[in-house]
Amino acid sequence: MGSVAMKDDVARRQLKIVIVGHVDHGKSTLIGRLFYETDSLPNGKFEQITDQCQRRGMPFEWAFLVDALQAERDQGVTIDTTQIRLRTADRDYIIIDAPGHRQFLKNMVSGAANSEAALLVIDANEGVGEQSRRHGYLLQLLGVQQVSVAINKMDLVGYSEKRFNGVRDEYVAYLSSIGIIPTHVIPISGKEGDCLTSPSANMPWYQGPNIMDSLGSFSPKPDLNDLPLRLPVQDIYKFDERRIIVGRIESGTLRVGDDILFSPSNELAKVASFERWGGDLKDNSPQVEATAGESVGLTLTEQIFVQRGDLISHSNDAPELTNLLRARIFWLGSTALEVGSRYLLKINTAEHQVEVREIEQVLNTNDLSRVKANRIEQYEVGEVLLRLRGLAAVEDFSINHVTGRFVLLDEYRIAGGGTINLSGIANQRSELAVKSENLHPFESRIDPVCRSMANGHVGAVLWFTGLPSSGKSTLALELQNKLFAQGNQTFVLDGDNIRSRLNADLGFEPQDRTENIRRVGEVSALFADAGMIVISAFVSPYEEDRDRARAAVGNRFHCIYIDADAEICEERDPHGLWKKVRQGEISNFTGVDAPYEVPAYPELVINTGEYSIDQCVDQLLDYVNSQLVEPVRSL
Amino acid sequence: MNDLSATLGRTLDDLDRLEAQSIYIFREMFHKIDKVAMLWSFGKDSNVMIHLARKAYFGKVPFPLIHCDTELEMNDVYQFRDRYAKEWGVNLISEMCPPLETTDASLPHSARVAARKTGGLKNVIKRMRFNGIVVGIRRDEEGTRAKERYFSPRDDEGQWEVKDQPPEFWDQFMTDFPSGTHVRIHPLLHWSELEIWQYIQRENIPVVPLYFARKYPEYGDKLMRYRSIGEKGITFPVESPAATLNEIIEELKHTKVSERSGRPMGSDEDESTFERLRADGYM
């Protein structure tokens with residue numbers, strides 16, 4: 001290769017290509033042989049593979065170049081995805097080998113999702129397989145648009161043009177029905193080396209491009225500079241006097257002085273500077289512009305409350321806000337996705353709790369039939385409606401790939417991926433805008449952001465609900481002490497200071513309970529407006545009443561369910577109330593002769609039956625510190 | 001500010017993109033993993049990794065560095081350590097590795113030296129309770145590393161469950177774990193040897209002089225250089241005239257000699273050894 005003139009390094013641009021297809025259709029073999037044909041094997045590799053195959057008593061196996069694991073070599077199957085560099089005169093390829101076995105589909109997705117083009121390999125002898133179709137469909141779903149097809153093992157079908165045409169027509173028809181038009185369809189033999197880098201004497205009937213020609217025709221993914229600015233906040237650093245917001249620009253460009261909007265918080269700010277560390281280079285000129293793909297650090301001209309997960313855009317070109325998502329999901333989890341299941345959704349750096357509200361259809365990737373179902377099994381594809389707790393800043397996948405896709409986590413692992421379809425979903429940003437317009441007459445008040453900057457935390461309501469004697473007041477007072485010791489503004493509202501004074505006129509009949517909670521909700525909202533972390537500890541047994549309190553407080557409301565069995569509560573009975581109930585002295589007592597509705601979507605559950613008071617307070621503190629106190633990393 | 005227009009149309013090259021991706025990994029890691037340390041072998045890759053960390057954290061390395069010391073490093077390496085640990089102001093933990101006798105005697109000698117390093121690493125992780133270790137491995141070094149993830153969980157014995165790795169795509173990583181797990185973070189996974197050298201040249205990052213060709217008494221008149229630096233007795237120079245950064249970069253554009261050819265252990269002499277070592281917690 002030394003004699004070939006290399007393209008200028010500046011003009012070179014890496015290209016990531018994934019090799020996919022059904023198990024045993026010869027993907028790894030094709031890669032090994034391609035390295036040999038392009039004279040790219042390291043010295044001694046050929047001899048080494050020969051030796052490794054002889055030791056196993058098997059014929060020479062090109063796949064050993066990428067199948068590096070013992071289990072892969074022993075079983076003759078690719079388990080995990082591999083990336084290997086192929087450097088040619090024009091370009092650096094990153095060749096991604098993806099497993100074709102159904103069982104390893106999660107590894108296929110891990111390899112394919114990051115690629116810019118794909119080569120689909122099909123065995124001419126076996127024809128189109130189940131995974132040939134599934135992989136084709138997944139490529140389309142993952143947004144890989146450049147695809148060529150290699151019809152492999154032509155040596156096993158006597159290099160028959162008729163057989164090639166048959167497989168080609170069947171597969172191209174499938175691909176076009178899912179919106180993929182392959183760039184080329186090439187008859188090859190990976191094992192024998194036909195049509196990899198030159199025309200094959202065995203197939204004079206084929207005059208088209210070979211594999212390397214086809215790879216050469218693909219182009220790198222274009223940068224997303226021309227799309228609107230999207231910069232997900234990764235973190236906030238305060239290593240010195242600067243407060244630096246860091247993240248990677250996923251699309252668009254950003255300049256010093258630009259007016260930017262943080263979503264979903266709807267806060268506005270202006271870019272004061274880009275910050276960077278230049279190493280030993282003497283280039284100290286300040287950066288004034290940053291573009292898609294850059295990991296940046298920036299400061300703002302005014303201080304506003306910023307959190308990881310916020311999405312930065314220009315103020316006049318914002319993403320949509322919604323708590324309802326329609327998405328096409330591919331499911332990798334071993335436990336099926338079901339209506340009512342809850343997951344953690346991650347979209348760029350933002351995380352949201354979601355619940356599956358509806359499965360609109362499940363798609364059979366083999367025959368493309370669609371059925372209504374209650375679950376999406378492992379490796380199936382379906383369309384779902386997800387309900388989020390709170391608002392997410394998103395986009396339609398067709399408009400912006402990077403902000404229009406997400407993953408779902410079940411426990412610790414990624415269990416699925418999805419692409420967003422916003423048709424028919426209302427943009428809830430307009431409602432927010434109306435709200436802030438209503439606030440306009442009060443502009444002379446102290447800005448809540450200034451209060452939160454002064455306090456180091458936002459104003460909020462921690463609403464403790466649970467059975468009598470479940471531990472609400474005990475935890476509220478303990479938490480208050482800890483928060484106060486940390487320097488936070490905090491106050492407890494409970495029956496002791498509300499029932500005896502403001503609500504002294506109310507009893508325990510349902511309508512009085514409702515009025516009690518309505519007033520507490522409004523008072524809590526005022527305390528939160530004052531910038532405090534207010535802890536409201538009330539039995540508040542009805543979901544409807546808690547929802548009304550939530551409506552009064554807005555998105556600063558955190559419902560915390562203090563969970564303990566009625567038996568445990570009765571055993572504790574610090575005020576002797578349960579005893580009085582049992583003796584018939586009190587009626588309308590929640591948990592005995594009055595109902596308690598367990599919250600359907602609490603932000604946090606604290607189990608006081610299972611954990612000690614100290615452990616419960618620690619859990620509460622973790623929650624407050626992660627959600628309300630400004631998250632700044634410093635040394 | 002009329003001069004702003006002069007910088008419009010900024011475009012990134014391959015090195016810019018590699019750098020941005022590594023910084024992204026560093027920042028994800030720093031947010032998600034609370035007790036982190038980074039391995040520093042003083043080789044070219046870990047020096048690049050420190051440089052990228054300082055880019056990610058604006059000049060600081062906000063966690064300790066670990067050197068698993070076998071006392072078998074070459075003299076130039078120890079000199080390099082003493083100079084740059086001070087110059088870069090890093091917090092370096094030197095962990096003495098357990099002796100050779102504690103390693104599996106069925107392994108070849110070079111692999112046993114590597115197993116000492118694994119032992120030292122496990123000890124320091126246990127003692128200091130790290131739940132994340134940043135390691136400068138690259139996919140293009142070796143076959144099993146080519147199958148790694150950016151965030152690669154290990155159990156409490158340091159074992160790598162290579163047959164069931166977590167999915168990782170769209171820059172979403174496994175960053176939350178059951179207790180008892182720790183995670184290896186690999187911010188250089190996507191770099192090649194050639195790109196590492198191009199970046200060293202562009203960013204002016206210092207490296208141990210053993211990488212540049214010179215004569216050694218034991219090799220006579222031949223010009224030799226180290227492609228990869230490891231312990232005395234298990235790492236050897238390869239024949240090469242490349243004595244400058246430019247020459248190294250030109251050499252790597254055309255070479256067919258593998259990077260780890262000067263290391264018997266990593267060159268697949270015994271194909272299963274390296275995988276065994278890595279499954280047991282080696283880097």
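Is D573(A) buried or exposed? With a relative accessibility of 14%, D573(A) counts as buried, where buried means under 20% relative accessible area, exposed over 50% and partly exposed in between (1.4 Å probe, protein chains only). The legends below come back to this residue and visit several other places.

The model shown is predicted, so local features need pLDDT of at least 70 and side-chain atom pairs count only at pLDDT 80 or more, while totals for chains, interfaces and linings use all residues. Residues are numbered from 1 along each chain as its sequence is written, chains are lettered from A and ligands numbered from 1 in the order in which they are written, and side-chain values use heavy atoms, with hydrogens and water left out.

**View 1. Chain A as a whole.** Welcome to chain A, which has 16 helices and 28 strands; helices (H or I, at least four residues) and strands (E, at least two) are DSSP runs, numbered from the N terminus. Along the principal axes, the C-alpha atoms of chain A fill a box of roughly 100 × 65 × 45 Å. Of its 635 residues, 54% count as buried. The accessible surface of chain A comes to about 26800 Å², and 48% of that belongs to carbon and sulfur atoms; accessible areas come from the Shrake-Rupley method with a 1.4 Å probe, and for residues only the protein chains shown count as cover. Among contacts in chain A with a separation of 6 or more, 73% are between residues 24 or more positions apart, contact meaning heavy atoms within 4.5 Å.

**View 2. Strand β21(A) and two of its partners.** Strand β21 (residues 381-394) of chain A is mostly covered, with 10 of its 14 residues buried. Strand β15 (residues 320-331) of chain A runs antiparallel to β21(A), joined to it by 10 bridges; two strands pair if DSSP finds at least two bridges between them. To find your place here, look for L321(A), whose bridge partner in β21(A) is A393(A). Strand β18 (residues 350-363) of chain A also pairs with β21(A) in the antiparallel sense, over 8 bridges. In that pairing, V354(A) stands opposite L388(A) of β21(A). As you trace the side chains, keep in mind that in a regular strand they alternate between the two faces of the sheet.

View 3. Five strands form an open sheet in the order β25-β26-β24-β27-β28 (chain A), with parallel pairing. β25 (490-494) and β28 (604-607) of chain A stand at the edges with a single partner strand each, so one side of each has no neighbour in the sheet. From one strand to the next, the twist averages 20°. β25(A) runs parallel to strand β26 (residues 533-537) of chain A, and 5 bridges join them; within this pair, V492(A) has I535(A) of β26(A) as its bridge partner. Helix α12 (residues 510-529) of chain A lies across β24 (460-465), β25 and β26 of chain A, at about 150° to β24(A). Helix α13 (residues 543-553) of chain A lies across β24 and β27 (557-563) of chain A, at about 150° to β27(A). Axes are lines fitted to C-alpha atoms, for helices over the stretch in contact, and angles run from 0 to 180 degrees between N-to-C directions.

**View 4. Two loop residues in chain A.** Here is D573(A) again, in the loop between α14 (566-572) and α15 (577-582) of chain A. D573(A) has a positive phi of about 40° although it is not a glycine. Another loop of chain A, between β10 (259-263) and β11 (267-274), holds P264(A). The peptide bond from S263(A) to P264(A) is cis, with omega near 5°.

**View 5. Helices α1 and α5 of chain B where they cross.** The axes of helix α1 (residues 14-32) and helix α5 (residues 193-203) of chain B come within 11 Å and cross at roughly 95°. That makes α1(B) roughly perpendicular to α5(B); angles of 65 to 115 degrees count as roughly perpendicular, under 35 as roughly parallel, over 145 as roughly antiparallel and the rest as oblique. On the α1(B) side, the contact is made by L15(B), D16(B), L18(B) and E19(B), and on the α5(B) side by E195(B), Q198(B), Y199(B), R202(B) and E203(B).

View 6. A53(B) belongs to helix α2 (residues 44-56) of chain B and is buried, with a relative accessible area of 0%. Leaving aside neighbours within four places in sequence, A53(B) is in contact with F26(B), M38(B) and K60(B). E71(B), in the loop between β2 (65-69) and α3 (75-87) of chain B, is exposed, with a relative accessible area of 57%. E71(B) has a positive phi of about 60° although it is not a glycine.
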